[in-house]
Amino acid sequence: SAIGITSGISHLTDNWELTLQSSILFYVGACNGVIAVLFLLRKGMWLLGKNPETGKLPLWSYILWAGFHAPNTLYTYGHHHILGKVLMMGAQKEKTKDGKLVSKTVPSASEIYPGWWIGGKYANDLGIKHWGGIIDLTVEFDESCFDECAKGGYMNVPCWDGVPPTPAELDVAALHCARIKDPAKNPIIIHCAHGRGRSTTCMCAAFVKAGLHSTWESAFDAIKLKRPCVKLNSKMRKALTEWQAQYVDKAR
């Protein structure tokens with residue numbers, strides 16, 4: 001009967017929708033599960049296909065790893081454009097010129113010393129038209145400031161979120177920054193996704209290599225003074241301690 005046929009079609013449609021939803025959830029879970037394992041192993045940064053010369057991710061990466069890219073991009077966008085302005089440092093207050101207390105927000109990037117900037121993925125919001133050097137510590141995002149960078153000034157040091165560069169990688173990146181003449185005129189941006197951990201680790205080493213600080217600890221204090229949201233996990237502190245012992249203290 002017509003009623004039976006309609007009921008059968010409805011049942012098939014419901015099963016198809018359920019199967020599709022389950023498949024999508026499985027795919028997203030599988031993508032993020034693979035990334036999580038690689039994160040723990042601190043390996044496989046090449047898997048997403050980011051070009052180390054241009055800082056761009058290929059189209060196939062967005063298709064093959066859509067289950068990772070989509071939620072990661074949405075989270076980062078929301079974290080910066082919504083939560084970053086409302087909650088991230090809402091408990092901290094600062095006085096305006098007229099004496100009013102207002103909530104502080106986390107900017108796209110912060111200038112620690114003249115020409116030395118640290119920030120996140122959206123550092124291009126600054127509108128700076130010329131970068132003398134860029135250290136990009138992301139593996140998961142396109143470089144948004146590449147077109148404004150001096151020739152040979154871009155360097156990608158791919159790290160998973162929360163994972164620091166190795167001591168050897170830190171030294172290469174720090175030397176890259178230290179070689180740039182007059183950062184006040186040729187500014188340097190060191191960035192990761194949010195401008196908190198990976199970028200801070202690298203900037204600590206860069207400040208020591210450039211002669212602005214004698215230890216990574218004092219460099220960290222200077223960074224935190226201008227960008228209070230920065231932090232270093234135990235792996236980052238360990239990498240910096242090993243870097244200082246191997247590449248700084250031994251050379252003195």
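How many disulfides does a search of the whole structure find? The search finds 0 disulfides, a disulfide being a pair of cysteine sulfur atoms within 2.5 Å. The legends below concern a predicted model, in which local features need pLDDT of at least 70, side-chain atom pairs count only at pLDDT 80 or more, and totals for chains, interfaces and linings use all residues. Residues are numbered from 1 along each chain as its sequence is written, and side-chain values use heavy atoms, with hydrogens and water left out.

**Figure 1. Overview of the chain.** The chain contains 7 helices and 7 strands, where helices (H or I, at least four residues) and strands (E, at least two) are DSSP runs numbered from the N terminus. Their order from the N terminus is α-α-α-β-β-β-β-β-β-α-β-α-α-α. Of the 252 residues, 42% are buried; buried means under 20% relative accessible area, exposed over 50%, and partly exposed in between (1.4 Å probe, protein chains only). Among contacts (heavy atoms within 4.5 Å) with a separation of 6 or more, 62% join residues 24 or more positions apart.

**Figure 2. Cysteines C145 and C159.** C145 takes part in no disulfide, and the nearest cysteine sulfur, that of C149, is 8.7 Å away. C145 is buried, at 2% relative accessibility. For C159, the closest cysteine sulfur belongs to C202 and lies 8.4 Å away, which is too far for a bond. C159 is likewise buried, with a relative accessible area of 2%.

**Figure 3. The largest nonpolar core.** A nonpolar core is a set of buried Ala, Val, Leu, Ile, Met, Phe, Trp, Tyr and Cys residues joined through side-chain atoms within 4.5 Å. The largest one has 34 residues, and I135, L137, I190, M203 and I223 have the most contacts inside it. Elements giving two or more residues to this core include β5 (133-138), β7 (188-191) and α6 (216-226). Helix α5 gives the most, with 7 residues. Beyond its neighbours within four places in sequence, L137 is in contact with residues including V157, C159, I190 and C202. Another core, of 11 residues, lies apart from the largest one and has C31, L57, V139 and V163 among its members.

**Figure 4. Aromatic rings.** Rings of Phe, Tyr and Trp (its six-membered ring) pair if their centres lie within 6.5 Å; planes under 30 degrees apart count as stacked, over 60 as edge-to-face and the rest as tilted. The count by this rule is 4 aromatic pairs. F146 and Y154 form an edge-to-face pair, at 5.4 Å centre to centre and 80 degrees between the planes. F146 is partly exposed at 26% relative accessibility, whereas Y154 is buried at 11%. Ring pairs also link Y113, W116 and F207 into a cluster.

**Figure 5. Charges over rings.** A charge sits over a ring if NZ of Lys or CZ of Arg is within 6 Å of the ring centre and within 35 degrees of the ring normal. K121 lies over the face of Y122, at 5.2 Å from the ring centre. The charged end of R237 is placed over the ring of F220, 5.5 Å from its centre.

**Figure 6. Surroundings of P71.** P71 lies in helix α3 (residues 66-86) and is partly exposed, with a relative accessible area of 36%. Leaving out residues up to four places away in sequence, P71 touches N32 and A66. The C-alpha atoms of P71 and N32 are separated by 9.7 Å, and the two residues are 39 residues apart along the chain.
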